[in-house]
Structures are given as C-alpha cells and as structure tokens.
Amino acid sequence: MAMCNTCDDPFFVAGIALQSRLFIGTGKYGADSLIPAVAMASGAQVITVAMRRVEKGQQGITAHIPATMRLLPNTSGARTPEEALRLARLARAAGCGDWIKIEVIRDSRYLLPDGYGTAKAVELLVKEGFTALPYINPDLYVARDCASAGAAAIMPLGAPIGTNRGLRTREMIGILIEELDLPVVVDAGIGRPSQACEAMEMGAAACLVNTAIASADDPVRMAGAFRLAVEAGRGAWLSGAGVVRASGEGAQASSPLTGFLS
Amino acid sequence: MATFQEFLRGWPVERRLRAAENADSEAVLRALNKDGLRPQDFLALLSPAAAPHLEAIAQKARDLTLRYFGRSVQLFTPLYLSDICTNQCRYCGFNAKNKRKRRHLTVEEAFKSAASIAVTGLRHILLLTGDARKVSSPEYIASVARRIKPLFASIGVEVYALTGEEYALLTQAGVDSVTMFQETYTPRLYAQLHPVGPKRDYAFRLAAPERAASAGMRSLGIGALFGLERFVPDAFAVGIHAWWLQRNYPGVEISVSVPRIRPHEGDFAVPNPVEDRLFVQYIVALRCFLPRVGITCSTRENAFMRDHIAPLGVTRISAGVSTAVGGVCPGENAEAGQFEIADTRTVEEVRADLAKIGYQAVVKDWEHPVD
C-alpha cells in the first residue's frame, strides 16, 4: 500500500503542475517571521500576498516568503476591474510574477466579491498576459464568464471571508466542480481542517486557507493539520467514496417497487 | 438618499438615554449571542446593564478581531502642518483665544518633516491643520499631499470640513482618507463648545464624510471626543454613524476613532469624563456591532491601555507622535501641542511592545489602485 495516497497527483494551473493542493496566505500573522515555518509545515507551493502589504524592494512581508514558493498576489483594495489591473501591473513590476488572485470588492461590511467586476477584470488581465485566478461567489454564471474570459482557475468562497464558518455554499460549489473544466480552489471561510477535507472530498482541486491558520494559537501546527486534511480529502475523492444515503432512503425494501420487472 | 443627519433625527438623545436605561441583562445576552447586530443591540451593549457582562463582551470582541484583522495593528503618524486656527473650541489647545506662538509649515518644511517620519518605516501619514482657510487652504493641503506622495502608501487628512469639490481636489492630489470628528453629536452642546468660527456649523461638519465619500475618498474615519457629552448618547451616535456610512457607501472603508479628552492649554473642565471600564466597554461593544470596522486609538491613551486594547478591537494606532507643528523634526523648536501625549514611545518601541504580546506592527497596508 502506498504511504501517500495523493503522491503523483498533480493538478495544473496554466500548465504548471502543482503537487500540493493547499494554498496559504500571508495576512493576520502575529509576526511575518512565522511564515517560513508555516509554509514548510503546510507543504504549500502557492502563497497569496496582498499588494497593499508589499513594499518596494526586498523588505517587508515578501522577504519572509520562501523563494521556492509561487507568489499569488491579490488585488485587495480594488473596487473596479481597472483598479485590479493596476494592482496586477504593480505586482508584476515588483517582481511578484504573473499569477494574480483577482479581488474586486465594493462592500466593506462583508467583503463579498463583485462578480460582474471580477469577470471583467479577468478579461483585462488575461489580455495583458496575466494568469488570472478570480475570487468569486460560487455563482455558475459568473464562473462561466470568468472561464470564457480565460481564467486559469476559479476561487469560490465557502463562507464570507474570515468567518471560519466552513462550506456554507456547499451546494453551489458542488455545481461549479461538476460544470467547470477549470480547477476549483475553495477560498475563504474554511475554519477547520475537517472543512478543508470536506471540500476536497467533494472534488475541489485545492483549498486556500489563511485566517484559520494565521489566527490559530499555534499556526505552524495548524498548517500541518490542514496539510493532512487536504491530503485525506483528496485521497477520499480519488478512492471513490461510497454513496451516502440521503435520510429516509433507509435500507433495501423487502418488497421492491420494481420487483415486478423481473 | 437620506442624509445621516436625517437618520439621526430618528434617534434623539432622550430616546438613546431611555433605551439604554431600559435595556436589561436579557437584551445584553441576546445581543451577545447573535450575529448581524442591529442598532438596538448595540445600545444594549453600551448600557449600564452590559457592565456586569464586560468580560463576555470582550471575549467575543477579541474573537471577532482575531478573525477579521488577525494579530496585527497598523501604525500611522500624524503630521501637524499648522496650528493657526480661527475657531474657539473650548476644549482645544489650538483655540484662537489661547495666547501662543503659532506656526505654519511651508510645503518644503512639511516635506522635510514627512521625510523624517518616512525614515522610521511608516507608510501611512495623517496631515492635520487648524481651521484657517486663508493660510491652510485646500490648495495648500493638496500641494503638501502631492509633495510627500512618493514617500507614503497612504495619505490621510484630518482638517476642517471641506466642500465636495475640495475633497475631490485632495483625492486628485493623492489623499485617500479623511478623518472627521464630530466631537459631539448633540447639536445644543456642540453649539456651546464651538462658540466662534466656521466649525460652529454642526450640519456642515456632520455631512462632511458623505461629501468626502462622494468625492472618491477610499477611507473615512469618524469619532466623538469622549468627555464632552454623556457617554451613551455619543457612543451610540458614533456607532450608528459608522453603520450608516457602511450601508450607504459600501465601497468605502470606515473606521472609528476613540479619543478621550486629554489635558491641554486653557481651563476647560471635562464635563463627563469616561473612566477606563466604560472606555473599554465602548470599544468591545463597537467591535461586536461592526465586526469589520477599523478602530483607531491615538496617543491620548497611555502605553498600558493601548497594549491591552489592541486585541479587543483596536486595529490602528499612532506612533512616534508629536501633536506640535514642526514637532517631528529633530532639532526643531516646536511649540506646545494640541493636547498632551500619554504614550511617548517611538515607532520602534511600539513595535517591540506589540511583539511582546504576540502582535505585529504593520507599517504598510494600502496600495492606491488608481493612477
């Protein structure tokens, strides 16, 4: 029996193979110096960073990100597609690469993404050669628009950001997984490893977890727990979990209704 | 769209006081155990009935702050450009009647001061002036903003109330945030405290955040100066002002400052001092009511208080502060400040003390997304 049931099971974003299906973030830590240890424990290859936190040169938050990781700058603070594009250009100019997590948000109460603006931003960024990963509500129409505009993956929220409430949008995320040919990376709202595991069992390509790790009393240990949970969920998906009977389905009826067909 | 002033008329002072008096322990627990608090719930958390539940409210506030802001506190520093003022605010050291040497920085002097702030690593600056349009005109403030823009990620202003066109001028000059304290939301008291000068216009000041938001400002800070009005009427008014602004300008980041009046030049006796326990009750009630609102605490509070309230909801604090014009430049002979500072720590000291409690001082948390 293989020790690791998810080894050699990469998924692809813009043609790049990623072995780890856990993305992590850089915000909310009590010290940025924790980031390398968190990154190591998580096994993540992709890490988000808000451009609003990035400073010129090699100082500040980016100095703590392991050089082997792929940066995924986000456009936090953008309210329009054009603003997202400007932040993406700044990210590229700052040496943060071409992968951009698009955030277009015009709501300061719940920080919910603007689907229309996000789809438009994907179009603008892709035209300029960026690899666009849009953060959206799990809305099929918005997701399809993003996909048509050239998004490399779709990042639907499980619950409002920072709430740690888990997969409140479970049904909708399930539809995106079923309908889209792109990787679906569940982002925002995942508060416990079991919830990340659940997303992976559903067939999500990956999970992005920040608050739950950064706000834990021991972020490094929590990062390790999420790594295991994501691997477990992926393993379950790959192994074809048994069908769960809906409540009321009960056991096999002793007098089948279709028995007359035999 | 109705204005906030119209909305506030539905909550006259007497109604606020009566509702707070009538709130009971059950109302407090109901507010504590639900999400999406309404103004009535906030009032219950501010009421005397909430006092015995302070620890439980603080626990919830800490949890919310941790989830939405993490273990980080953003630092900024104020730069006083001018203490020339035509107002006679009875509680303020810059009161026009106070006999004192006044100073007004030229654009180049302001740049020199700003540069000495920038070397500390801070990337957020707040420009302040007295209310004297002839010397500290909107054009002057815009010129300072343009001059110092390369040094900072975020430029805020805390100046007299401007027109919409003037806020637009500042937006174009690179200013992204406006702080406007109403001081007190009770019109009659406001008139007594501001007997002379343009600031006397209560309604014009109250609507300033709305004009600033319409002019494209990305961030608004509001607040009352605690110690002037009784606690509940102003604490509640500030909270519902922030709530109303969030709902009506959803794309704008709203923050609330929590200043308590400090000693200054003059003979003003604080009518309604807010003691520490009530001050903390205000911060944690605000956090429960508005989980994602920024809460700013200045050096009016001492280091002990600031270090302890950071985990309870405060997300932004000033550091390395001088409230005197020219006070940030080494070797400058600054005059007395607007108020007496209670926390004189340097930026590095604030950073080190936050680290001791497991919190990180963030010096940059904004990137202007507009060219």
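**View 1. Strands E4 and E5 of chain A.** Strand E4 (residues 46-50) of chain A pairs with strand E5 (residues 70-74) of chain A in the parallel sense, over 5 bridges. Pairing needs at least two DSSP bridges between two strands. Strands (E, at least two residues) and helices (H or I, at least four) are DSSP runs, numbered from the N terminus. A:Val46 stands opposite A:Arg70 in E5(A). E5(A) is mostly covered, with 4 of its 5 residues buried. A buried residue has 20 or more other C-beta atoms within 10 Å of its own, with C-beta atoms placed from the backbone.

This is a predicted model: local features need pLDDT of at least 70, side-chain atom pairs count only at pLDDT 80 or more, and totals for chains, interfaces and linings use all residues. Residues are numbered from 1 along each chain as its sequence is written, while chains are lettered from A and ligands numbered from 1 in the order in which they are written.

**View 2. Where chain A touches chain B.** Chain A gives 29 residues to the contact, and chain B gives 25 residues. Contact means C-beta atoms, placed from the backbone, within 7 Å. On the side of chain A, helix H2 (81-93) and helix H7 (211-214) are the elements that give two or more residues. The largest share, 4 residues, comes from H2(A).

**View 3. Helices H2 and H3 of chain A.** H2(A) packs against H3(A) (residues 115-127) at an angle of about 45°, with axes 8 Å apart. Axes are lines fitted to C-alpha atoms, for helices over the stretch in contact, and angles run from 0 to 180 degrees between N-to-C directions. Among the residues in contact are A:Leu85 of H2(A) and A:Leu124 of H3(A).

Conventions: Two residues are in contact if their C-beta atoms, placed from the backbone, lie within 7 Å. A residue is buried if 20 or more other C-beta atoms lie within 10 Å of its own, exposed if 12 or fewer, and partly exposed in between; C-beta atoms are placed from the backbone.
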